[in-house]
Amino acid sequence: MKPALTRRLLGAVSTALALSLAVSSCSAVDGFIHGTTPTAIPSSHRETAPTPDLQSYYSQPLNLVECNGKFSCGNITVPLDYASPKGATTTIAVVFAPATSGKAQGSILFNPGGPGASGVQWIKDGYEQLGTARLRKNYNIIGFDPRGVGGSSPVQCLNPKQTDQLLYGVSGKKFGSKADLEFSVKSLKTFAAACQKNSTKILPHVDTVSAARDLDIIRTVFGDKKLNYLGYSYGSLLGLTYATLFSKKVGHLVLDGIIDPTM
């Protein structure tokens, strides 16, 4: 079945631009992990949250454990609903790879887009292909699963068999015919209804603004005063949203495969 929607790509920025990240722009906390596996970063290093009711999230300790040898993994707690930060919480899965030089100039947060792609798995599977050896030598690499994705309280919709049918099933009718389009619409409606039914708690709070606010907590918990970020495709929209909400916290922003935010 052909995808119902396609993204409008307005341009691409070469990943080589990531090399423009300057030493002076990154402000990792003094004494932050330099080329070693972090187990905890003291909450005393945390900055003041945008509002007092978010302070506990910004001040939480970072606890990571070794995963896949060269990486460290963990979870960061964020509000499920930013309108009610003292209410229910959810977690964001993160993966950390230290700068290979042993002395990091700061951190870069990566997002592969989607929406719905796992940034944690992406880093684990393709670390050697991210940017250049020079980039990985000088910067810590951080990946994350956005809320509702992968290890971050994932949205549940169809079972595996039903998902395969959605992605690869065909109507048996002439492609593009009325009957074929009706089959596609029905399949997508079934998918949406299953998501609504099986993800009642998380689904209403899976949105770009909330994900961008999660980025600011991730940035702070890892000890960076500014966010250095590289986002692809939908990740470009996430980066733009962060810059709109936290303009004074933007370090270097590299956006590849820009999505028109007005679409």
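When the bonded cysteines of the protein chain are numbered in sequence order, they pair as 1-2, 3-4. The model is a predicted one, and two disulfides are counted in it. A disulfide is a covalent bond between the sulfur atoms of two cysteines.

One of these links joins Cys 67 to Cys 73, with the sulfur atoms 1.9 Å apart. An angle of 70 degrees about the S-S bond makes the link of Cys 67 and Cys 73 right-handed. Cys 67 is buried at a relative accessible area of 12%, and Cys 73 is buried at 14%.

Another link is formed by Cys 157 and Cys 195, whose sulfur atoms lie 1.9 Å apart. The link of Cys 157 and Cys 195 is right-handed, with 105 degrees about the S-S bond. Because Cys 157 sits in the loop between E7 and H4 while Cys 195 belongs to helix H5 (residues 178-198), this pair ties together parts 38 residues apart in sequence. Cys 157 is buried, with 15% relative accessibility, as is Cys 195, with 7%.

The loop between strand E7 (140-144) and helix H4 (160-168) also holds Arg 147, which is buried at a relative accessible area of 3%. The Arg 147 side chain reaches two backbone oxygens: that of Pro 79 at 2.7 Å and that of His 205 at 2.9 Å.

Turning to helix packing, the axes of H6 (residues 208-221) and H7 (residues 234-245) come within 9 Å and cross at roughly 70 degrees, so H6 is roughly perpendicular to H7. Residues making the contact include Val 209, Ala 212 and Leu 215 of H6 and Leu 238, Thr 241 and Tyr 242 of H7. By class, the contact comprises nine nonpolar, two polar and three charged residues.

Key. Residues numbered from 1 in each chain as written. Predicted model: local features only at pLDDT ≥ 70, side-chain atom pairs only at ≥ 80, totals over all residues. Heavy atoms only, no water. Helix = DSSP H or I, 4+ residues; strand = E, 2+ residues; numbered from the N terminus. Buried < 20%, exposed > 50% of the residue type's maximum accessible area, 1.4 Å probe, protein only. Polar contact = N/O pair within 3.5 Å; in protein donor to acceptor, adjacent residues only side chain to side chain. Axes fitted to C-alpha atoms, helices over the stretch in contact; angles between N-to-C directions. Parallel < 35°, antiparallel > 145°, perpendicular 65-115°, else oblique. Contact = heavy atoms within 4.5 Å. Nonpolar A, V, L, I, M, F, W, Y, C, P; charged D, E, K, R; others polar. Disulfide = S-S within 2.5 Å.
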